[in-house]
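Dear colleague,

Here is the structure I promised to hand over. Please open it first; my notes follow below.

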Amino acid sequence: MTDHHDEWRLLSGSTLVGTILVDAPGMPWQRGHFSPEPAFSRFKPWFDEINALVEAEDFGRFDDIYDLIEGALTLESPSGPVGEFLLHIDQEHAWFRWDP
């Protein structure tokens with residue numbers, strides 16, 4: 001589990017895409033405030049599509065879209081990169097879970 005106010009980083013290679021300031025730690029989901037960097041604009045449509053698919057309960061395409069996210073982005077905890085992760089971003093809200 002992560003601590004309250006931990007800052008996580010979303011990266012594309014070495015480019016910072018955004019940060020998540022955890023304000024509701026918990027298991028399995030961590031929740032926090034997402035602060036995008038300019039590079040996020042490239043990936044925002046993928047997160048918007050994931051949100052729309054979940055809202056419509058159309059899980060058939062979820063994996064295809066999420067594979068794009070996993071292939072392009074890494075999530076870094078305060079102690080370093082994590083293995084697999086599931087991340088949702090909706091405006092300034094982010095929630096995620098991960099495997100070390």
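Leu 53 touches Asp 58, Arg 61, Phe 62 and Ile 65, once residues up to four places away in sequence are set aside. Leu 53 sits in helix H1. It is buried, at 6% relative accessible area. The cut-off for buried is under 20%. Between Leu 53 and Ile 65 there are 9.6 Å from C-alpha to C-alpha, and the two are 12 residues apart in sequence. Please keep in mind throughout that this is a predicted model.

**Overall layout**

The protein chain has two helices and seven strands. Read from the N terminus, the order is β-β-β-α-α-β-β-β-β. The C-alpha trace spans about 35 × 30 × 25 Å along its principal axes.

Of the 100 residues, 38% count as buried. The chain exposes about 5,700 Å². Carbon and sulfur atoms supply 50% of that area.

The protein chain carries 6 positive and 19 negative charges. Their mean positions are 3 Å apart. Side chains of opposite charge can pair when their charged atoms come close. How many salt bridges does the structure hold? It holds three.

Take Glu 76 and Arg 9. They form a salt bridge, with the closest N and O atoms 3.1 Å apart. Glu 76 lies in strand E4 (residues 74-77) and Arg 9 in strand E1 (residues 7-12), so the pair ties together parts that are 67 residues apart in sequence. Arg 9 is partly exposed, with a relative accessible area of 32%.

Asp 48 and Lys 44 make another salt bridge, at 2.7 Å from N to O. Both residues lie in helix H1 (residues 44-55). They are four residues apart, about one turn of the helix. Asp 48 is partly exposed at 34% relative accessibility. Lys 44 is partly exposed as well, at 30%.

Arg 61 and Glu 49 also form a salt bridge, and their closest N and O atoms are 2.5 Å apart. Arg 61 lies in the loop between H1 and helix H2 (62-72), while Glu 49 lies in helix H1, so this pair ties together parts that are 12 residues apart in sequence. Arg 61 has a relative accessible area of 40% and is partly exposed. Glu 49 is partly exposed too, at 25%. Arg 61 was also listed above as a contact of Leu 53.

**A buried histidine**

Next, look at His 88 in strand E6 (residues 85-90). Is His 88 buried or exposed? At 8% relative accessibility, His 88 counts as buried. That value falls below the cut-off because buried means under 20% relative accessible area.

Which residues is His 88 in contact with, leaving aside its neighbours within four places in sequence? The list includes the aromatic residues Trp 29, Phe 47, Phe 62 and Trp 95. Ile 50, Val 54 and Ala 94 are on it as well. Asn 51 and His 93 complete the list.

Most residues other than glycine have a negative phi. Two residues here are worth a look on that account.

Glu 57 has a phi near 55°, a positive value in a residue other than glycine. Glu 57 lies in the loop between H1 and H2. It is exposed, with a relative accessible area of 62%.

Gln 91 has a phi near 60°, again positive and again not a glycine. Where is Gln 91 found? It is in the loop between E6 and strand E7 (93-98). At 55% relative accessibility, Gln 91 counts as exposed.

That is what I have for now. The files are yours.

Best regards

Note on methods:
Residues are numbered from 1 along each chain as its sequence is written. This is a predicted model: local features need pLDDT of at least 70, side-chain atom pairs count only at pLDDT 80 or more; totals for chains, interfaces and linings use all residues. Side-chain values use heavy atoms; hydrogens and water are left out. Buried means under 20% relative accessible area, exposed over 50%, partly exposed in between (1.4 Å probe, protein chains only). Accessible areas come from the Shrake-Rupley method with a 1.4 Å probe; for residues, only the protein chains shown count as cover. Lys and Arg count as positive and Asp and Glu as negative; His and the chain ends are not counted. The place of a charge is taken as NZ of Lys, CZ of Arg, CG of Asp or CD of Glu. A salt bridge is a side-chain nitrogen of Lys or Arg within 4 Å of a carboxyl oxygen of Asp or Glu. Contact means heavy atoms within 4.5 Å.
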